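Please examine the sequence and the model shown below. The paragraphs that follow begin with the ligand and then turn to a helix and several loops.

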Amino acid sequence: MRRFDIALPQSLEDCLKVLADRGPDAKLLAGGTDLLPQMKNGALKPALVVDLSAIGRLRRIDNGQAGLRIGAAVTARELELSPAVRGAYAAIAESAALVGSIQVRNLATLGGNLCNAAPSADMAPPLVALEAQAVIAGPGGERRVPVADFFTGVRKTVLAPNELLVELVVPAPGAHSGGQYLRHTPRRELDIAVVGVASQLAMANGRCAKARISLASVAPTPVRATAAERALEGQVVTADLIERAAALAIEAAKPISDQRGSVEFRTHLVRVLTRRTLTAALARANA
Ligand SMILES: Cc1cc2nc3c(=O)[nH]c(=O)nc-3n(C[C@H](O)[C@H](O)[C@H](O)COP(=O)(O)OP(=O)(O)OC[C@H]3O[C@@H](n4cnc5c(N)ncnc54)[C@H](O)[C@@H]3O)c2cc1C
């Protein structure tokens with residue numbers, strides 16, 4: 001590995017100063033489970049590594065009536081175990097629980113998962129389905145971007161070199177809402193999603209008031225299955241309608257064939273996982 005400097009800012013303001021000075025040469029370090037392998041294999045050669053571990057604001061989970069605020073450096077393990085997240089935001093906890101192994105999850109952060117921007121990132125689809133916003137800090141202050149618009153390509157995001165992701169703001173889904181995240185992997189442990197699907201439903205007076213479906217690993221960035229969402233909204237949700245929505249979800253998927261799965265297999269998985277997550281989301285919303 002090439003030699004590099006290390007900075008350990010004690011506050012968000014200090015971190016922004018470091019990035020203002022050396023942003024283009026720097027990489028931020030959260031859990032390091034994506035960054036360190038990329039530095040070891042030579043894909044990334046930052047002259048400066050900025051360790052985020054001393055910035056308290058990045059490590060908080062705040063659950064309020066309006067919603068949930070999750071600091072970018074909260075770990076997957078914390079999300080998996082948090083009673084607040086497991087309750088109304090079950091799909092987030094489920095996605096966190098699927099990341100790597102317990103050892104990986106003790107290090108891996110939500111912010112790192114999003115900022116690494118792999119198409120297979122497990123924690124992205126539930127945030128898209130829950131209409132979460134990313135809070136980004138930079139030299140001009142803070143700005144908010146819907147997580148759905150945070151990704152611009154494979155390993156690319158809207159972040160500038162002098163910015164960092166501070167937290168995720170997830171609006172409270174409200175009563176009679178439910179969601180689920182499922183993925184398929186060829187191996188049970190330590191594998192990445194061939195397809196991942198998050199579904200979120202809000203019910204009112206026996207009908208679907210809002211449907212959000214987000215797919216991973218079938219395009220360069222997470223995508224919403226908007227045709228399937230439209231088919232559900234305003235309707236009484238039956239098994240037949242869920243099947244129709246699952247078929248429509250395929251329209252949003254633009255998968256590739258690789259060693260983990262063919263286009264045909266991924267397309268089939270989109271349909272199966274959309275059906276399963278919608279069925280679970282409905283049961284949770286009606287519970
Ligand atoms: C064995 C193994 C298994 C894995 N399994 C899975 C899996 O099942 N599912 C899955 O989705 N991922 C998996 N991963 C990938 C990885 O663990 C996750 O993506 C993890 O959430 C990354 O978080 P991190 O804190 O380790 O990020 P880091 O490696 O610290 O950072 C990742 C990237 O994000 C940037 N970054 C980090 N925090 C910020 C911030 N606040 N603002 C701006 N940029 C930031 C870094 O500069 C870097 O470019 C696995 C990795 C390993 C090694």
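An oxygen atom of the ligand lies 2.9 Å from a side-chain N or O atom of Asn-113. The model is a predicted one, in which local features need pLDDT of at least 70 and side-chain atom pairs count only at pLDDT 80 or more, while totals for chains, interfaces and linings use all residues. Residues are numbered from 1 along each chain as its sequence is written, and side-chain values use heavy atoms, with hydrogens and water left out.

For Arg-183, a polar side-chain atom is 2.9 Å from a ligand oxygen atom; for Lys-27, the corresponding distance to an oxygen atom of the ligand is 3.4 Å. A polar contact is here a pair of N or O atoms within 3.5 Å; within protein, one must be able to donate a hydrogen and the other to accept it, and residues adjacent in sequence count only if both atoms are side-chain atoms. Taken alone, the ligand exposes 980 Å², of which the protein buries 88%; these accessible areas come from the Shrake-Rupley method with a 1.4 Å probe, and for residues only the protein chains shown count as cover.

The surroundings of the ligand can be described residue by residue and element by element. The ligand is surrounded by 32 residues, and the closest are Leu-28, Thr-33, Asp-34, Leu-35 and Thr-109; a residue is near a molecule if one of its heavy atoms lies within 4 Å of it. By class, this shell holds 18 nonpolar, nine polar and five charged residues. Ala, Val, Leu, Ile, Met, Phe, Trp, Tyr, Cys and Pro count as nonpolar, Asp, Glu, Lys and Arg as charged, and the others, Gly among them, as polar. The largest share of the shell, four residues, is provided by α7. Helices (H or I, at least four residues) and strands (E, at least two) are DSSP runs, numbered from the N terminus.

Buried means under 20% relative accessible area, exposed over 50%, and partly exposed in between (1.4 Å probe, protein chains only). The buried residues of α5 are Ala-90, Ala-91, Ile-92, Ala-93, Ser-95 and Ala-96. The loop between α5 and α6 contains Ser-101, which is buried at a relative accessible area of 16%. Most residues other than glycine have a negative phi. Ala-117, however, has a positive phi near 55°. Ala-117 lies in the loop between α7 and α8 (124–129) and is buried, with a relative accessible area of 1%. Arg-155 likewise is not a glycine and has a positive phi of about 60°. The loop that holds Arg-155 runs between β8 (151–153) and β9 (156–157), and Arg-155 counts as partly exposed at 46% relative accessibility.

Two other loop residues complete the account. Ala-72 is placed in the loop between β5 (67–71) and α3 (76–81), where Ala-72 is buried at 6% relative accessible area. Leu-52 belongs to the loop between β3 (48–51) and β4 (61–63) and counts as buried at 10% relative accessibility.
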